[in-house]
Amino acid sequence: MSLATARGSSALVVAAVSVALFADSLLYSAVVPVLPGYAERLGVGPLGIGALFASYAVALVAATLVAARIGDRVGRRGPLVAGMLGVTAATLLFAFATGYQQLLAARSLQGAAAGVVWTAGVALVAHRLPAKRMGLGLGVVMASMSAGLLVGPPLAGILATAHGFRAPFLVCAALVGVCTLAQLMPAAGPAPSPARTPVRAMLGRGRFRATLTAVALAAAVLSMLEPLLPLDLAGRLQATPMVVGLVFGAATLAHLLVSPVVGSVADRHPAFPALPAGLLVMAVAVPFATLPGSGSGVAVVLVVVAVGYSLVLIPGLSRLTLDVRATGGGYAAACAVFNLTYAVGMAAGPVAGGLAADHVPLPGLLVATAVVLGVGALLVHRLEGRRDPACPVDPTHRPRTARDRPLAAAPTGPRRPTGALPPRRPRPAGSRTSHRDHRVPPTEGEPMSRTGLALRALRLWIHGASADPTPDYDIASPTYDDYFTSVMGPHSVGLLDRVRITPGDCVVELACGTGHLTAEIVRRLDGRGRLAVVDKSPGMLAVARSKVAPRPGLHLGFTEGDMEDFLRRQPTGSADLVVIGWAICYSQPVRLLRDVRRVLREGGQVAIIETRSTALSTLREAFEHVVADDPSMLTSLIRVSLPKSEQVLGKWFRKAGLDPVILEQGEQELPITSAAEAMDWVERSGAGAGFRDSFDISREEEIRARLGQALEEHRREHGGLGLRHTFVLGVARHGVSRAAAA
């Protein structure tokens, strides 16, 4: 599926569900001002009117439970269409009801249809939207609900006044009917798969409980304000019903406008603690609701409350659906739990507020509510950071990772080896390295969540916990040329084409890798001169040695060790050329280049090719997504200094006292079409060097599965992975004028 087709399909789903929820909310809100008068005309008393409104909630809960069971088995579009037909039928039944029983049946049918529409509709969006646009899509869906709530009451009031009680229902029936037809439009997409993780298992996870707790609190507070604030406005400010409606309408309008924005921010910044922040925003604003001396002032307070409410509802629903996707749960069942939790909060808020209002003045009650919200924010934050055991899944199901894929199944190409991946080389007993000594293990009970990623990284930085890429390069050394050199090697040789190498020159090559450039330098020296080569990886160095045969007139030396230490030992002014291929990122570039300048003769050159910071963005974003989701798996930092552009490389040259001669950038698309191939390439090409040393090794298979899943989601969304290795190359000279000036 092409990128445009994928986006179009997702947009169609969001539009269809938004229309459905708009129609349902329109009918729900249109009934509120009309139904009491309609019931009175039929001779129904207060008890009957109360039962009429209560029947909606009872039917909604029952239908939600049914929709949860069937939605993940038969699909979501069918129940959604059935729910919309139910809404249409309920609307027509309202219009032509001639007795209380018919009104009761219509209201019950309306509630049941709403339960199906909400559960199936949100589940359909959750199932079909890519992860990177989940928050935005759900924000648009929730905004459509608010639009229906805003339009319904004035539309119903105007129509009922002008044309009688049946007019609002007939107009709504026509609108709902049109919306129902929109659901019949086909939209290609994946069929629902059976849930592998039951909701009851997900309820044991801290993040899932954190989401439900925040949603219940936000719903309870908002529903508590709905009956209490109108009484305060009427008694304290003598506000008319119109003023009260405008005050609450401002909050609804704010929710409508903010929801898509909040959803988009949640997509772009998954580490932002939206749920605790939303509860805290509500906590700060709620006590001020009784202080303004005008309706507009109260409206401003409610707008702030609505923003906090949106920060809870939209990211909470988005995160819940993404957690369901990650664990293999059922979307409809999870959305049903979300809806029921919201309903519980809406029911508990007015009851608790009413009971407390009999004993506590409203200002004091609102202060107490703020305290509850603050405590709730802390509780949600702690639940978010709790390390959860893996959800029990179907024992026959295991995520497919790169290690599961036989190499013979890979697409043919020049870089596909036939050998097996060598096992990780064990460290000798008692051996120590500076990198391993500073690893920071995951701490049990330490608050870890998306919000903790920055703190985790800071802690690792303070402890100096740096991942050592050498073991991963050792592992990749047998396959490095087949995977990396076969693709990027021509660009490396192109670097040598931009410098002068003549027989008899003295050349220094830092981080030679498997010797691809080493062999080419030897060929160009033509048996005369000196070539000093260094690499930290024994595996890489062994492959490099095997490529070069000794020559009588060529002084060739291979050194195993750190390139910066090696360079410091070289005599001043001894080299005609220094070559650094794909390795300056592992140093402090300016400091290394100052040593290079010292080693170069006047007029000598340094040639560098390096990966740009924008390279392999799909892989980088997948990695960041996995780490942001659970920072506790990170035990050390992969420290690299990748230039963003050729201008950055030029700046490094100039700071080191070198004169840039050539500065270029380029890119190479990788022939990779699947997540499994991408994972395989990262490991066998050395692109993921440092990976094993930066993560909790006991969770390696889990991390691989998560990375593979994130890559597969990107492939489905964009119609491919689009992996491009962007790079810069540059040549600089040790200028005579600079040397004299120094």
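Author: Strand E2 and strand E3 (residues 554-560) pair in the parallel sense, over seven bridges. Two strands count as paired if DSSP finds at least two bridges between them; strands (E, at least two residues) and helices (H or I, at least four) are DSSP runs, numbered from the N terminus. This is a predicted model, in which local features need pLDDT of at least 70 and side-chain atom pairs count only at pLDDT 80 or more, while totals for chains, interfaces and linings use all residues. Residues are numbered from 1 along each chain as its sequence is written, and side-chain values use heavy atoms, with hydrogens and water left out.

Reader: Which residue in E3 is the bridge partner of Val533?

Author: The partner of Val533 is Phe558. Between E2 and E3 the chain passes through helix H19 (residues 538-547), and this β-α-β crossover is right-handed. The term applies if, with the strands pointing away from the viewer, the path from the first strand over the helix to the second runs clockwise.

Reader: Which strand do five bridges join to E2?

Author: That strand is E1 (residues 506-510), and the two run parallel. Val507 has Leu531 in E2 as its bridge partner. A right-handed β-α-β unit is formed by E1, helix H18 (residues 516-525) and E2.

Reader: How many residues of strand E2 are buried?

Author: Buried means under 20% relative accessible area, exposed over 50%, and partly exposed in between (1.4 Å probe, protein chains only). In E2 (residues 529-535), six of the seven residues are buried, so the strand is largely enclosed by the rest of the structure.

Reader: How is a pair of aromatic rings described?

Author: One gives the distance of the centres and the angle of the planes. Rings of Phe, Tyr and Trp (its six-membered ring) pair if their centres lie within 6.5 Å; planes under 30 degrees apart count as stacked, over 60 as edge-to-face and the rest as tilted. The structure holds four aromatic pairs. In one of them, Phe484 and Trp582 have ring centres 5.4 Å apart and planes at 90°, so the pair is edge-to-face. This pair links distant parts of the chain, 98 residues apart: Phe484 lies in helix H17 (residues 480-496), Trp582 in the loop between strand E4 (575-581) and helix H21 (589-599).

Reader: Is Phe484 buried or exposed?

Author: Phe484 counts as buried, at 7% relative accessibility. Trp582 counts as buried too, at 12%. Ring pairs link Tyr480, Phe484, Trp582 and Phe727 into a cluster.
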